[in-house]
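Take a moment to look over the two chains before reading on.

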Amino acid sequence: MKTVSRPLLIGLLLAALVLLSLASLSAGKVWIPWNAWFAAADDLRSIIVFELRLPRTVLGIIVGAALGLTGAAMQGYTRNPLADPGILGVSSMAAFGAVVTMYFGALTTLPWLLPVGAMIGAVGGIAALLALSGAASSILTFVLAGMILNTVATAGVSLALNLAPTPWAVNEIVNWLLGSLADRSVDEVRMALPFVLIGSVLVMMLARPLDALTLGETGARSLGIDLGRTRVLLALGVGISVGASVAVTGVIGFVGLVTPHLLRPLVGARPGALLLPSALAGAVIVLAADVLVRLLPSVAELKLGVAMAGVGAPFFLALLINVRRRAV
Amino acid sequence: MTRLSATNLKVRFGDRTVLDGITVVFDSHQVTAVVGANGAGKSTLLTALAGLRKPDGGQVHLEDADIHGLAPRVRAQRVGFLPQIPEVAWPVDARTLVGLGRTPYIGGRGLSQADDEIVARALSTTGVDAFADRNVLTLSGGERGRVLIARALAGEPEWLLADEPLTGLDPGYQLDVASLFRRMTQDGCGVIVTLHDLHMAMRMADRVLVLGEGRVLADGSPEAALSPDVLARAYGVEARFWDGNAGRVIEIVGRRA
């Protein structure tokens, strides 16, 4: 196994993040090189950079980090390289929670309801996941439980669309569901950042328990790990950060699946050591994808969620084939 | 000398009674082998003694403390447990896996230099330092088994409870592990193992506990506890004994009519 020293890995990821942030501030319908950013306070280019692209960049980092981190934590907990908030239904439950608040149209007066709804959906989703998969947490029961959650959430969203009062409401919900970082403002950053931070801190506290779970549940308990506490931290941490992310960007899949998988060999496969690099790399991947969708020459900007699914689905397939081959 | 004791221990799975009122006191400085037929409750007894399963009745005491009253970390520092199924979820290297044995001591921090030294000692004691940097999932079953024993050693427990630690090891390594357990008892540790191999029980244990139908059928020195009479009741087999060069040998003649 070729592992990379931890400071080097984190340094490289941070460097990539800085470079991509610069690119993200420059890229778009008009390319604005960095020396034009501070041209003049009333220069349109400066306004574009600081009021449109800066929030979008920050959101990309926050959401990517949240997805990378929670993906790593869920893979560690389930001891399953095919787990992530998207596949196990946590993201769709968050979307369902958010859509419910949209459906009741309370957002114009109470915009805070959206993240609250999404977080309730996400925490409820992962709590249901842990309860459904129960003590015998085999890979199969987790995937089945995730499938049930995805089905329930999709049905709920469909119901909301079906009963939506106006075509405009349908349009709003669908557009949001596709997952994008476009046209976000500093309000969305304010909405998501504190919750993603709180959730991430809770998840980061799981490094030791996740390491110990390498030995299975009995092994971890014999090492003095309180699995009840681990589950509560996981449910709250993942639920809050995924809920807050989905609330501001819609569902962006596969980041949580792909990121930990790419980094695992570099950290010697230790689930706890994977958490921080996964958060950084998740931010790198989302930011890179978002810069890319802005540079693609197309009439309407490609939605980030769609782009990630386009890259992620074949990756998932390859992973599945690889796992099967190893099992035979 | 520390004591680990079970008082009137009862465990049920659904409406099946697995342990039906077991009372037993273990002293450290001894290797105790728990034997019995499949489903006799050996693993259940071991997990209950390790404080990993809350019994439906009765208590487990470590010295005078109820084991379920201890903080999980404190319990883990004092009682090491080796599960029967050697689960390893990720392709970590052997040294990292053995390092997990330090988990009860380190809380949130990383391994200190002292921890690293303890890990290195556990690796060399079990003779696995040659492949300390290899991916555990690429090791043979026997090699992996010894790495997991090293993991338990790295926890420096007062008690080591090992569920079928010899399964999958060749005869040479079985003897190595047996003498390793012997040395641990000389250092003051108490070792309790479940075994299927009655020859090894005879050979490595100071004391044998025979379980059957959730109760203790016999308890004593290997020669006394593994009598033909007890084996007939525990396993439904006819056995006879003769003295070989390396101790008493059990010959299983056949199923009892």
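This is a predicted model: local features need pLDDT of at least 70, side-chain atom pairs count only at pLDDT 80 or more; totals for chains, interfaces and linings use all residues.

Residues are numbered from 1 along each chain as its sequence is written, and chains are lettered from A and ligands numbered from 1 in the order in which they are written.

Start with chain A. How many helices and strands does chain A have? The count is 13 helices and zero strands. Here helices (H or I, at least four residues) and strands (E, at least two) are DSSP runs, numbered from the N terminus. The C-alpha atoms of chain A fill a box of roughly 65 × 50 × 35 Å, taken along the principal axes. The radius of gyration of chain A is 20 Å, which agrees with the value near 20 Å for a compact globule of 328 residues. That radius is taken over C-alpha atoms, and the globule rule is 2.2 Å times the number of residues to the power 0.38.

Now look at a pair of helices in chain A. Helix α1(A) covers residues 6–26, and helix α12(A) covers residues 271–295. Their axes come within 9 Å and cross at roughly 25°. That makes α1(A) roughly parallel to α12(A). Axes are lines fitted to C-alpha atoms, for helices over the stretch in contact, and angles run from 0 to 180 degrees between N-to-C directions. Angles under 35 degrees count as roughly parallel, over 145 as roughly antiparallel, 65 to 115 as roughly perpendicular and the rest as oblique. The crossing of α1(A) and α12(A) is left-handed. A crossing gets that name if the near helix is turned anticlockwise from the far one by less than a right angle, and is right-handed if clockwise.

Which residues make this contact? On α1(A) they include A:L9, A:L13 and A:L17. On α12(A) they include A:L280, A:V284 and A:L287. Two residues are in contact if their C-beta atoms, placed from the backbone, lie within 7 Å. The residues of the contact of α1(A) with α12(A) divide into 17 nonpolar, two polar and one charged. Ala, Val, Leu, Ile, Met, Phe, Trp, Tyr, Cys and Pro count as nonpolar, Asp, Glu, Lys and Arg as charged, and the others, Gly among them, as polar.

Turn to another pair in chain A. Helix α2(A), residues 44–78, and helix α11(A), residues 255–263, pack at an angle of about 70°, with their axes 7 Å apart. That makes α2(A) roughly perpendicular to α11(A). Their crossing is right-handed. Among the residues that meet are A:G64, A:G68 and A:G71 in α2(A) and A:G256 and A:P260 in α11(A). This contact divides into five nonpolar, seven polar and no charged residues.

Chain B comes to 10 helices and 12 strands. Its radius of gyration is 18 Å, close to the 18 Å that the globule rule gives for 257 residues, so chain B is as compact as a globular protein of that length.

Strands of a sheet pair through backbone hydrogen bonds, either parallel or antiparallel. In this model, two strands pair if DSSP finds at least two bridges between them. One open sheet of chain B has four strands in the order β2-β1-β4-β5, with antiparallel pairing. Its edge strands are β2(B) (16–27) and β5(B) (65–66), and each pairs on one side only. Helix α1(B), residues 42–49, packs on the sheet and touches β1(B), β2(B) and β4(B). Five bridges join β1(B) to β4(B). One of the pairs sets B:A6 against B:V60 in β4(B). Strands β4(B) and β5(B) pair over two bridges, and B:H61 stands opposite B:D66 in β5(B). The hairpin of β4(B) and β5(B) has two residues between the strands, and B:E63 takes a positive phi near 55° there.

Another open sheet of chain B has six strands in the order β6-β7-β8-β3-β9-β10, with mixed pairing. Its edge strands are β6(B) (79–82) and β10(B) (215–220). The twist averages 15° from one strand to the next. Four bridges join β3(B) to β8(B), which run parallel. B:V31 has B:V191 in β8(B) as its bridge partner.

Finally, where do the chains meet? The contact takes 21 residues from chain A and 21 residues from chain B. On the side of chain A, the largest share, five residues, comes from α9(A). That side divides into eight nonpolar, seven polar and six charged residues.
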